[in-house]
Every structure is written in structure tokens, then in C-alpha cells.
Amino acid sequence: MTARTMRTSTAPKFRKSRSSRFAAVGALAVAGSLLLTACGDQTDSGSKEKGSGDKTSNSAPLFDKLPEKYQKSGVIKVGTNAEYAPMESVENGKIVGVDPDIAAELGKKLGVKFEFTSGSFDGLITALNTGRHDIAMSSITDNKQRQEGLDENGKKLGKGVDFVDYFLAGTAVYTKKGNPEGIKSIADLCGKTAAVQRGTTYEKALQTQSKACKDTGKPAVKIEPFENDTEAQTRVKSAGAVAGVNDYPVALDLSRKADGGNAFEVVGEQIDAGPFGIAVNKDNTALRDALKEAVDAIIADGSYLKVLQKWGAESGAIDKAAVNGGK
């Protein structure tokens, strides 16, 4: 999800201790540490644990780093778009996946709960900056455009957001199983129809590739943007589009699980790998810095890697959190 010049990149290397990729997906199992709400519906499972939000009794190691607002409420409100297994999706009315589980581990360090609410992806940053959410955590690629609040033409739209980087992923192309059009990479999409979710950086990747096609005398990519990724997948499955473009871990998970692994396949290598970040309002620097410390803490104690291994996403592991590390 970045506007940088396209370049081929292999999957990020990970530490020797990491297990083989894409372990079986389990249900969310972090009891009592994270309230998950599907599609904006609230449940009564968000009642505070003993000591949560209570400065006198909370023994979480980084609780004192949080702004007083969160110490008192015991809650950090999270905006997400729960349509990106294994990163975030809805199962049995709960939002589950890599991001909710990482948030649960962050909650243990900070002594608060993370309440997830799902909405449209392209509205997450707006909702964050208007105060509906405290953070946005939804496989959001950290890049300068989002940091500075710019549109694709460099026009200022808002103040932008800060990011706490916690994961690394690139863009992948997937096709209908069997790859009937023989697509080998994003460069093969010149003159062909490709489906993508609107407002994502992989839509930007298709736009960049389309320009490259025209610059070399080839026909442009016929880009079909959809409101959500499920619609884009359906378009590819029905052969209305020859390919879809998505985040690498999401595309690979899709190829392994949709219709028992018989619906899609990933072609070529991931491209333009960059960091996913937790988006935070630029005025909320204390929360941003507390989150960075918490990410570093779960990396150090091994709980971060265990979450990624649970969901088969350990190829995206990082060794150290960063603020606004995207380009």
C-alpha cells in the first residue's frame, strides 16, 4: 500500500526460530484481554477486569506511559476493516486475526483493553481524526502520503496521521485457480481487467502499473475498484477480472483457504514491501509513544512472534517498532 516506484521484492526474511509459514488458523484465544466487536455491534463483554483503568491497582508494566484518559477508561477504541484474513476478519460474530491478537498482547503491557469496530477501509483515517476511534489498526501501510494527509496527486486533504509500525508486507497478484490467462506478474496486466478494493495502496500499485503500460506503448490496465475486497474476489472468481491485487499475506491466505484452496492462486513474488502501521492522531503523541514501547515489549518477550505463528504470518515479523518508518 504505497505510492513508491514499483520494484520486485522477495518475502521479508525472518529469524531462524520462526516456524514454517501459514499454520492452521485457530479461533481467537486471548481470554479477558480484548473486546472484539463485529461491524460496529457492541456487546457486554467489555466490562472492565479488576484493576483495568484503575491507576492505584493496575500493575501492567507500561500503564503509566498512557495518557490519563486511557488510564481512567481502561479502553482504547480501534477502527478496522475486518475483511482481510488472516489480518482481521469476522468469525462467529467476533473480529479475529493477527491485528486483534497483537492488540490483545499490547493491552497486557498497557493495562487496557482494545475495542475493535469494523467499518469501511477508506474511511478509517477520517474516523480517527474526527475522534470516533483512538487508533486505526487494519493492515494500513505506513507511507508519506498518509503521514502528511495528501491525496494521490499530492494535494493536502488533512493533517495526516502518525504510524507505529509493527509488520512488514508487500503487494501480491492473485488469479482464478489454474491461472487461465497465464499471468506471471503485475506487468502482465496491461490491457487486462484487474479487481481491487478502492482506497488501498494496492489500487495505487495498479494505477502505477497502468501508467507504466501506457509509457511503453501498451494498453492501460482496466482497473475495477470495489467498495470491499470480497466484491473484488468475487469478480476474479467469476472470471470478470483476470486478476486481483491485495496484500501479500492476505492473498496467500486467500489462495490457501477459499473453497478449500481451489478458488485462487498467487502468481509471482510480492512487490514493494513496506510496513503496516497503527495509525494515531498526530496530536496524540503520548499514546503513539506508549504504543511503540508496547510493540517493542511484545517483540522482546516473544508474544508477538507467537501471534504471527498462530496465524501463519511470521514472514512479516519485524525486529523493532518504528514511528513513521514508511516512505
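The exercises below work through a predicted model, in which local features need pLDDT of at least 70 and side-chain atom pairs count only at pLDDT 80 or more, while totals for chains, interfaces and linings use all residues. Residues are numbered from 1 along each chain as its sequence is written, and side-chain values use heavy atoms, with hydrogens and water left out.

**Exercise 1. Find what the mean pLDDT of the chain is, and where pLDDT stays under 50.**

Step 1. pLDDT is the predictor's confidence in each residue, from 0 to 100. Its mean over the chain is 85, and 83% of the residues reach 70 or more.

Step 2. The stretch under 50 is residues 1-52.

**Exercise 2. Describe the surroundings of N81.**

Step 1. Helices (H or I, at least four residues) and strands (E, at least two) are DSSP runs, numbered from the N terminus. N81 sits in the loop that links β1 (75-80) and β2 (83-84).

Step 2. Buried means under 20% relative accessible area, exposed over 50%, and partly exposed in between (1.4 Å probe, protein chains only). With a relative accessible area of 4%, N81 is buried.

Step 3. A polar atom of the N81 side chain lies 2.8 Å from the backbone oxygen of G119.

Step 4. Contact means heavy atoms within 4.5 Å. Apart from neighbours within four places in sequence, N81 is in contact with residues including E88, S118, F121 and Q197.

**Exercise 3. State which strands are joined to β11, and whether β11 is enclosed or open.**

Step 1. Two strands pair if DSSP finds at least two bridges between them.

Step 2. In β11 (residues 264-281), 14 of the 18 residues are buried, so the strand is largely enclosed by the rest of the structure.

**Exercise 4. Relate helix α2 to the largest nonpolar core.**

Step 1. α2 (residues 98-110) has 13 residues. Of these, 12 are buried, so the helix is largely enclosed by the rest of the structure. I102, L106 and L110 are among the buried ones.

Step 2. A nonpolar core is a set of buried Ala, Val, Leu, Ile, Met, Phe, Trp, Tyr and Cys residues joined through side-chain atoms within 4.5 Å. The largest has 70 residues, and I102, F114 and L291 have the most contacts inside it.

Step 3. Not counting residues up to four places away in sequence, L291 touches L106 and L110, and among its other partners are I135 and V280.

Definitions and conventions: Polar contact = N/O pair within 3.5 Å; in protein donor to acceptor, adjacent residues only side chain to side chain. Expected span 1.5 Å × (residues − 1).
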